[in-house]
Amino acid sequence: MGTSAPITHKQQLIDHLASGCKPPSQWKIGTEHEKFAYDLDTLIPLPYDGPRGIRAVLEALQQFGWTLVYENGNPIALSAEGKGSITLEPGGQLELSGAPLDNLHQTCTEVNTHLKQVKAVAADLNIGFLGLGYNPKFTIDQVPWMPKGRYAIMRRYMPTRGNLGLDMMLNSCTVQVNLDFDSEATMVRMFRMSLALQPIATALFANSPFKAGKPSGFLSYRSHIWTDVDPDRSGMLPFVFKDGFGFETYVDYLLDVPMYFVYRDGRYIDAAGQSFRDFMAGKLPALPGELPTMSDWEDHMTVAFPEVRLKKYLEMRGADGGPWGRICALSALWVGLLYDPESLDAACELTRDWSIEDLAYLREEVPKYALKTPFRNRTVKEVALDMLKISHDGLRRRDQLDVVGLNETHFLNDLFTIADSGFTPAEELLCAYERRWERSVDPIFQEYAY
């Protein structure tokens, strides 16, 4: 990093975003999912070092063709040509950042291949993996930090901006899907629609009702956390819905997001709270006289945390972590909505007259009540069913078939079951807690383990 041409004009940043435009024939699907790793005997989150540590997990995964990536002598990720990467979240959550793929059948194959690999390693090390939106048992004081330089900077800075930033870093897991666009105009339509519907996806995937071994009062505690992390870099982005929104508007937003760090010569330099605008003027206090490169800008784009994030593609970020079937379901939901023109039209129409106040209301209430949230003389459940129908129609029209002739619509089946019943995964967990688990969360590490 830090070796490309210097950035001196905002237009370079706008052009960088615009370079992501590609024709629909080249659109891909990129799926990312995180999971908790824990010791099967104690249920405690894995430390970095030791015979059952995260380092041992990364090293063991090399047997499947992955190559270790190091920082200061510590393995902190894995990469493989054409397979994406495996990375670490601050509390040792293991993330697969999948490869860009053509269809959901390939996504499902990728997810299942990864599952087989981590389960093989887990069996050898006597550890488990759990898909959930928030750690149900352990507090952030009980979770070890991973040795990544950027996390040390964020750890110091986040508590100065909100109360739940460290909870987000150490104890949350999400699933997200990254999707393409063919023009600035298409990006704007996709961004507005997906941002409006993100709380509905949060409701469908609500799967984090516990904190420190007890019900938290939220069905998606993970989603609630994001309301108190850092107002400078998270939220629903009302400016996306204003006339004139486009690549330049988003660049202006990012330029106003305070920095975290600059990466130079294998180390992270603390620039927390400093301005990228000053960096472009050669006046960054952390690196006086230096100008940023596109690598620095790409790093900076990763430290904004809205519910939908724009890079050279769009990231859907509203879902709790969950079981393997719902990983594919999230990708299916958004592909059906965004990648079929008729479905995009229908979804935009569904959200057309929603106000900024409506979106703020959904953002506040859905983490508590999920599908039961009242909304515009209806409930979020009814909106979710409309949303799923539109997505289903889009997947049917895509007509992407697997080897036995099935299209992609079946990946939505679990979501239809949830929406039809109005009973979220979080409520399923709460019922188990009150009944067969006798008010203990420990059985979740057995019954819901991968």
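The model is predicted, and local features need pLDDT of at least 70, side-chain atom pairs count only at pLDDT 80 or more, and totals for chains, interfaces and linings use all residues. Residues are numbered from 1 along each chain as its sequence is written, and side-chain values use heavy atoms, with hydrogens and water left out.

Two helix pairs were examined. Helices (H or I, at least four residues) and strands (E, at least two) are DSSP runs, numbered from the N terminus. Helix 1 (residues 10-18) packs on helix 8 (residues 247-256) with the axes 9 Å apart and at an angle of about 120 degrees. That angle makes helix 1 oblique to helix 8. Here axes are lines fitted to C-alpha atoms, for helices over the stretch in contact, and angles run from 0 to 180 degrees between N-to-C directions. Angles under 35 degrees count as roughly parallel, over 145 as roughly antiparallel, 65 to 115 as roughly perpendicular and the rest as oblique. The crossing of helix 1 and helix 8 is right-handed; a crossing has this hand if the near helix is turned clockwise from the far one by less than a right angle, and is left-handed if anticlockwise. Helix 1 contributes Lys-10, Leu-13, Ile-14, Leu-17 and Ala-18 to the contact, and helix 8 contributes Phe-247, Glu-248, Tyr-250, Val-251, Asp-252 and Leu-255, where contact means heavy atoms within 4.5 Å. By class, this contact of helix 1 with helix 8 has 8 nonpolar, no polar and 3 charged residues. In this classification Ala, Val, Leu, Ile, Met, Phe, Trp, Tyr, Cys and Pro count as nonpolar, Asp, Glu, Lys and Arg as charged, and the others, Gly among them, as polar.

In the second pair, the axes of helix 11 (residues 324-338) and helix 14 (residues 380-398) come within 7 Å and cross at roughly 75 degrees. Helix 11 is therefore roughly perpendicular to helix 14. On the side of helix 11 the contact involves Ala-332, Leu-333, Trp-334, Val-335, Gly-336 and Leu-337, which meet Met-387, Leu-388, Ile-390, Ser-391, Gly-394, Leu-395 and Arg-398 of helix 14. The contact of helix 11 with helix 14 has 9 nonpolar, 3 polar and 1 charged residues.

Helix 10 (residues 294-301) is mostly covered, with 6 of its 8 residues buried. Buried means under 20% relative accessible area, exposed over 50%, and partly exposed in between (1.4 Å probe, protein chains only). The buried residues of helix 10 are Ser-295, Asp-296, Trp-297, Asp-299, His-300 and Met-301. Their cover includes helix 1, helix 8, strand 11 (261-264), helix 9 (276-280) and strand 14 (308-310).

With a disulfide taken as a pair of cysteine sulfur atoms within 2.5 Å, the count comes to 0 disulfides. The sulfur of Cys-108 is 4.0 Å from the closest cysteine sulfur, that of Cys-328, which is too far for a bond. Cys-173 is likewise in no disulfide, and the nearest cysteine sulfur, in Cys-328, is 17 Å away. Cys-173 counts as buried because its relative accessibility is 1%.

Most residues other than glycine have a negative phi. Asn-126, not a glycine, has a positive phi of about 60 degrees. Asn-126 is found in the loop between helix 3 (104-125) and strand 6 (127-130) and is partly exposed, with a relative accessible area of 26%. Leu-237, also not a glycine, has a positive phi of about 55 degrees. Leu-237 lies in the loop between strand 10 (234-235) and helix 8, and is buried at a relative accessible area of 6%.

Three further residues were considered. Ser-220, in the loop between strand 9 (214-215) and helix 7 (221-225), is buried at 0% relative accessibility. Not counting residues up to four places away in sequence, Ser-220 touches Thr-202, Ala-206, Ser-208, Asp-320 and Pro-367. Leu-115 lies in helix 3 and counts as buried at 15% relative accessibility. With the same exclusion of residues up to four places away in sequence, Leu-115 touches Trp-324 and Tyr-450. The C-alpha atoms of Leu-115 and Leu-395 are separated by 25 Å, the two residues being 280 residues apart along the chain. Thr-42, in the loop between strand 1 (29-39) and helix 2 (54-60), is partly exposed, with a relative accessible area of 40%. Thr-42 and Asp-442 are 400 residues apart along the chain, and their C-alpha atoms are separated by 9.9 Å.
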